[in-house]
Structures are given as C-alpha cells and as structure tokens.
Amino acid sequence: MNKKLLFVLSLLIMASMMLSACGGAAQQPAAQTEAPAATEASEVQEPASEPFTLTVWYWGEQEAPGMQDFMEAAVQTYMDENPHITVNAVLQESDSLYPAFRAAAEAKEGPDIQFFWGGVFTLEDAWLGNLAPISDYWSAEELENIPAGQRAETFWDGKQWGVPFYQIGTFWAYNKTMFAQAGLDPENPPQTWDEWLNACDSLRAAGITPIGTGFKDGWLGGWMVSYIGQQNFNSIDDLMAAVRGEKSLTEPMYAEWWARWKDLVDRKCFNDDIMSLDLYQGQALFEQEQAAMTNHVQPYIAVLERKMGKDVVGIMRTPVYGTGKYNNAIGIPVQTLAITSFSPHKEEAAEFLRFLHREDIMKLMYEKAGAVTPDSRFKPEWFNTNSDTAINKWTSEYPLFWYQYYYPPIWESEGAIALGQLLVAGELTPEEAATRWQEIADKNRRENPQQLDNYTKWVLPPEMFGE
Amino acid sequence: MHRSFQSKLTAYLYLSPALILITLVFVYPVFDLIRRSLSRVVDGETIWTGLVAYQNALRDPIFWTSFSNNLRLFISIPILVLLSLVFSSLIFERVHGWRIYRSLVFIPYVLAIPVVGIVFSYILQANGVFNQILRATGLDSLTREWLGSSATAIWSIMFVVIWKELGFGIVLFLARMSSISEELYDAAKLDGAGWWQQMAYVTIPQMTTVIEFYIIVNMITMLSWVFSYVLVMTKGGPGNSTWVLEYFIYQKAFPYSQMQIASAAAVLLLSFALLLMFLQARLRPKAEGLEG
C-alpha cells in the first residue's frame, strides 16, 4: 500500500514538473498588435560590454551570388573589432524568409536584425509592431547618406523603419551577339514598345528565343507590374489613390499594362515553356545562351557580364509605351535590414547596421557579391562593370519607382501573379484581368481596414522624388 | 465503494501525464485558435469581433476554390483503394520476385514530400521527361503544360499524391491478406469460385476494416496533408487553381498577415474533418457487421 502511494505521489510530482515546464509556453503574450505599437526603441539602451550574441537573419545569395561570402567576411571583421560580440548571421531561404520571421515575432524570440524585401514588405512588419525604427538610433545626417528615393520605400509615419542592405536595380540583360545574329543593333537595344516587339519578331525569325524567364513559381508577376505597370502614372500618389480606393484599377492608367503584357505573349517574346519553369530556371536560359534577353537584378547582371564578357552582355531599360511622367521610371529598389522590436540589443544592432555602411565594408560587398550599397559614400570608381556604370548614370537621369514595393501584397499574390499566370497561359483577357484585379483590391480593403489606415499614413514628402 | 473510487482515481492519475500532454499539444491550441478567430488585437488590446473573420473567409472566392480542390483530391481515394487492392493481390499471389516488389512499392511512401515534389516538377515540365516520352512514342497530342495550366495542374498534383501514397495501401492490404484464414479460400475453391469470385466474396469482405481505415487515413491526407505538394510544385498556381485549404490558411497567416482569417479558416477545416469522422463513426457498426 505504501509502495503504491509512493508511486502515485511520484506520478503527481512528475505531472507538476511537466505543468510548470510548459507553463511558460501557455503564458505567451497575446496575438501581436496589428497597429503600430509604441516602439520600445524610444527607451535608450546602454551599449553592453558583457559578451552577447547578435543574431542576423539575412537573404540575398539567390540574387547576388557571393552575398554569403561577404556576410561571413564582414561578420568576422566585426567580431575581430568587437571581441565581446558574437554575430550569428544565418542565411534564409526564399520560401521561409517571412514565415520563419513571423513565427519568431509571434514568440518574441528571434533575430536582432531581420532582412526584408523592401517597401511594403518591410513596412507590414512595422505595422505589426515587429520592428523598431532605425531613425531612433541613426541621426538624420546619417540617414541622408541614403538616396531619398530609396529611403522613401521604408519611410512611414515620420520614421525610417529599414536600412538599405543593397540595391537591386532591376533591368533587362541582353546578348549582343544574338542581337547581331538577328540583324538588330547590338549597341542600341529597343527603346520603344514597338521596337521591342519587332525585336522579338527578328529574334524568333533567327531561331532565337527572345526572352528567357520562368513564371511557374509566380515571382515574375511582381517584376512585370513593376517594369510596365507604372508607365501612365504621373506620381506615386496615383498608385496610393488606387490603394485607398479613390481610383479604379480598371481605368486605363492602371489597366493598360495588362494589354501590353499580352502583346509580349502574343508576339512570342517569352520562351515556350515559361509556365513550366521557375523564375531562376528561366533566367538561366540566358546564361546558357538559349535566350537573347532576360530580366534580372543589378548584382546578377554584373555577374553575367563578368562571366560571359562585356562584349556579349548588355543592359537595357524597359522599353516605353506609356505617356505619364513615370513612363521611363527605373526600378532601383532596395532590400532592407531592420531592427526587431523584441531585440534586447537594439543599440548594438543599429551599430552593426552602421558598420555595414562603412566605406571598406561597402566596397567589400561589391567585390564579393557585386551588390551596391545605396549610400552617397559608395564611390563610383569602384564599379568594374559596364552595367553598374550605366545604372549609376541612369539614377540621375530617370525617376526612381518600383511598383511592387508600394502596393498591398495581395495585389501581387492574387493579382499580378495569379492573374498574370492566367493571362500568359491564354486563359484570361487583359480586360478580365483588370476587372478581377479591382475585385481583389476591394476584397483587401474590406478585410484589412487597419492596413488601409496605415496606407493613409504612408505620406511621402514630395522632395523625396524631386517633386 | 471506497476501493472502486480509489482504483478509478489511481487509473486517472496514471493517465494524467498523457492527458496533460494532449491538453497542451491539442486542446489548448484549438481553443486558442478559436479565440484568435473571434478577436483582433489593436494597440495591445484584444477586441471581440465575432464572426467577421468567418464571414470574410466564406466570402472569399479563393476559400471555395481551395475547398473544392480538397474535394477534388478525394477522387484519388477510390483510385488508391482500387490500385492497392490490385497490386497487393498480385504480390500476394507470390509471383517471382514478390519480396523485391513489396519493397519497391513502399519506397515512394518513405521519400520526403518536398523531394518528390521537386523531382516531379522537373518530370512534368513542358520539355520534361514525361512529355519527351510522349513525343518519342508519337503521342505529341497528349503533351501538356502539366503544372502550368489551370486545367491540369491540380490533377497532376493528385497523380503525384497517388504515386507517393500508394505504397502504404499496398503494404497495409498485403498484411491483412496474409492473416485471412486459408480455410475460407479452400471452401470457396471447393464451391468452384474462381480468382475474381474469391476476391469479391472472400478477400474484400475480410478486409473491410482495413479498407475503411485506409479510406479515413487518405481523407485526412487529402484534407490536411497536401500543403507540401502544393507549395513545392505550384505555389498555388497557375492562377490560384491549386490552392488547398492548408495553403489558404498559410497564405492568410504569413504573407497577408491576416491571422484572424487564417484562424477562422483553420477552425472551418477542423470542423469539416470532425464532421467526416462523425459520419464515419456512424457508418462503422454497419461496416463491422460485414466482416467475419
């Protein structure tokens, strides 16, 4: 009997221990706020001198090969200079970048610094209360080193929420040799829409696939709307007006780009298996010299130029069809790094971000990954490719605007991606696409009143765009 | 009476660690899910919103696209049962090399879904192996953009699911067949029953419980275990044509940051699964009556 009682008591003790061990998980804070929380960053933190670890979750190897090498080298340099700090930099995968962070943010445990695709893809987490504004740690003078047009992408409610990690000028690489084979001028790529369509015809006639790209994974949708969706806009607020519901996406200003995209499909500008290939697989056709053009980001175009030769690889802007002030706008958006609101080392995180904008470190990133840090202290004489030099020249000649970084994410996932796939597959007309895009926008406003409020606070000072 | 109470108490005390674990891992999350679906946090305050999230989920056309895709995937269940019966019967006949076949058919089941998804993504490309075989055999007219067309994408995913899940059914049925009494087959042979009649009147009735179990497992799979196939192979495309409920919940929760709607959809999925289980439980006494 006593043995039995002892055994039962033992079970009770085990159960109590389990309860107390799990009790912390059951007492997690409630769901994170969906409105901008009072930032914890306003509390001044004394820099720590005790050893600690700074965790950085980053991305970028996929579009700027060598980024991982850069981070390893930069982190080692930082740790050598700051022996009491261990920096744990973890490269993330594309598909898990946001889910992993959102799960970490839910648990209030995770990185001190998080990588985001820029614009609204950064600000959404600011709206969720997951970020601390960098403007609480960097001075206005420091922030002014970053070009205004790129700072604007994460400037919201009077604060700066993200720091550019690197810029991803997004253009078209073209093969000069293939252009010459098709009877096209290799030094003068198409500038107008008709020229582009005619170039597709010439390349097809020469047995060359004009554009190599992939749309199975959907990423191309956001690129296409950003290449050609803004060409009838006169200001950023034209887009914001549509987000707020003041304008309809079925109006020609917003809808024409679907028809222009259809032009490219109908004229067989894309590779025949575009719907079978993921974006990176399709882009690889250019590198394999199976396509004459591809869409790509600045760091990778530089890689292509180095690999295939300056005489072979050229860079071109998206040809123009539109009539708005932004018809020749170029996209040089930035990928950002931001300090998390739950980081216990915000001051140190801000210092690490400051380190990444140091002259020698910016030069190291360019050398290792071909990626350019958007910072006035980045020296143009470091450029070692024609494409980088050309992009740098264009930044002073054309307006900067990247559509994808300003609209609600659902406009892309259910709009530019889903509707774009149906358009390319021939299952939807441009008019139907525009109508359904408007329905998606209406649905989003109905389901996300809080997001709509946040967009009304996304006021960009006109001087940021030279207006 | 005292001893009866004491013995019951002892029993519950022995069960308590497992009950606590189940409560924490299953029961608490479900209640939390329901709570999240009925409220929103704004500026640190939890606001009761009632059924708004459910209304938004049910009004979303993509929710119904997702639900209908899960129902489409249910079509694979009779196919899986039929193929499992056929293949397990053939292996049960102890054809030459039957042990090797038994191992080979189970290999797809143990492979990781992402691996299977990636491999079939390549096989089913427009210029992939499958279409190349079709072209090489003069069947060009049958080539398709298997994962790139909204008409074929969900069925292509279903094919891959069947390919992967079939092995489990074969091995399961084979195990049950091995335990059926030989006397039943001897008696059937004495009565002049051929192979098909033995299958119809001896084998299948004796396997009713196992078949029912396999059906339930596959219903759960098609409802809540196909997310990885969709994410790896199509990401819900083309044109949202391969969204399933799990993918809907994932998209709402993470890319869209609409946790409330995601929670509501998850509750609806759970409710549907419980309804299916209830219906299955009601039918079970009838099924058990058939098995000797």
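How many Å separate the centres of domain 1 of chain A and domain 2 of chain A, taken over C-alpha atoms?

Modeller: The model is predicted, and what follows should be read with that in mind. The centres of the two domains of chain A, taken over C-alpha atoms, are 26 Å apart. Domain 1 consists of 52–167 + 332–394, and domain 2 consists of 170–329 + 402–458.

Start with the contact itself. Domain 1 of chain A puts 24 residues into it, and domain 2 of chain A puts in 21 residues. On the side of domain 1 that touches domain 2, α4 (120–127) and α16 (386–394) of chain A each supply at least two residues. The most comes from α16(A), with six residues. Sorted by class, that side of domain 1 has 13 nonpolar, seven polar and four charged residues.

Next, the nonpolar core. The largest one has 138 residues, and Ile134(A), Ala173(A) and Leu353(A) have the most contacts inside it. Helix α17 (residues 409–424) of chain A gives the largest share, nine residues. Both domains of chain A give residues to this core, so it lies between them. As general background, nonpolar side chains tend to be buried together in soluble globular proteins.

Setting aside neighbours within four places in sequence, Ala173(A) is in contact with several residues, including Phe286(A), Met293(A), Leu304(A) and Val313(A). Apart from this core lies another, of 40 residues, among them Phe67(B) and Met158(B).

Three strands of chain A form an open sheet in the order β9-β8-β10, with antiparallel pairing. Its edge strands, each pairing on one side only, are β9 (293–297) and β10 (313–316) of chain A. From one strand to the next the twist averages 35°. Strand β8 (residues 170–175) of chain A runs antiparallel to β10(A), and four bridges join the two.

Strand β1 (residues 52–58) of chain A pairs with β3(A) in the parallel sense over two bridges, and Trp57(A) has Gln114(A) as its bridge partner in β3(A). With strand β11 (residues 334–340) of chain A, β3(A) runs antiparallel and is joined by four bridges. Here the bridge partner of Gln114(A) is Ala338(A) in β11(A).

Finally, chain B. Ile261(B) lies in helix α14 (residues 259–290) of chain B. Is this residue buried or exposed? Ile261(B) counts as buried because 25 C-beta neighbours lie inside 10 Å, and the cut-off for buried is 20 or more. Leaving aside neighbours within four places in sequence, Ile261(B) is in contact with Glu447(A) of chain A, and also with Ala53(B), Asn56(B), Ala57(B) and Lys252(B).

Methods: Residues numbered from 1 in each chain as written. Chains lettered and ligands numbered in written order. Predicted model: local features only at pLDDT ≥ 70, side-chain atom pairs only at ≥ 80, totals over all residues. Pairing = 2+ DSSP bridges. Core = buried A, V, L, I, M, F, W, Y, C linked by C-beta atoms within 7 Å. Buried ≥ 20, exposed ≤ 12 C-beta atoms within 10 Å, placed from the backbone. Domains from an automatic or database assignment. Contact = placed C-beta atoms within 7 Å. Axes fitted to C-alpha atoms, helices over the stretch in contact; angles between N-to-C directions. Nonpolar A, V, L, I, M, F, W, Y, C, P; charged D, E, K, R; others polar.
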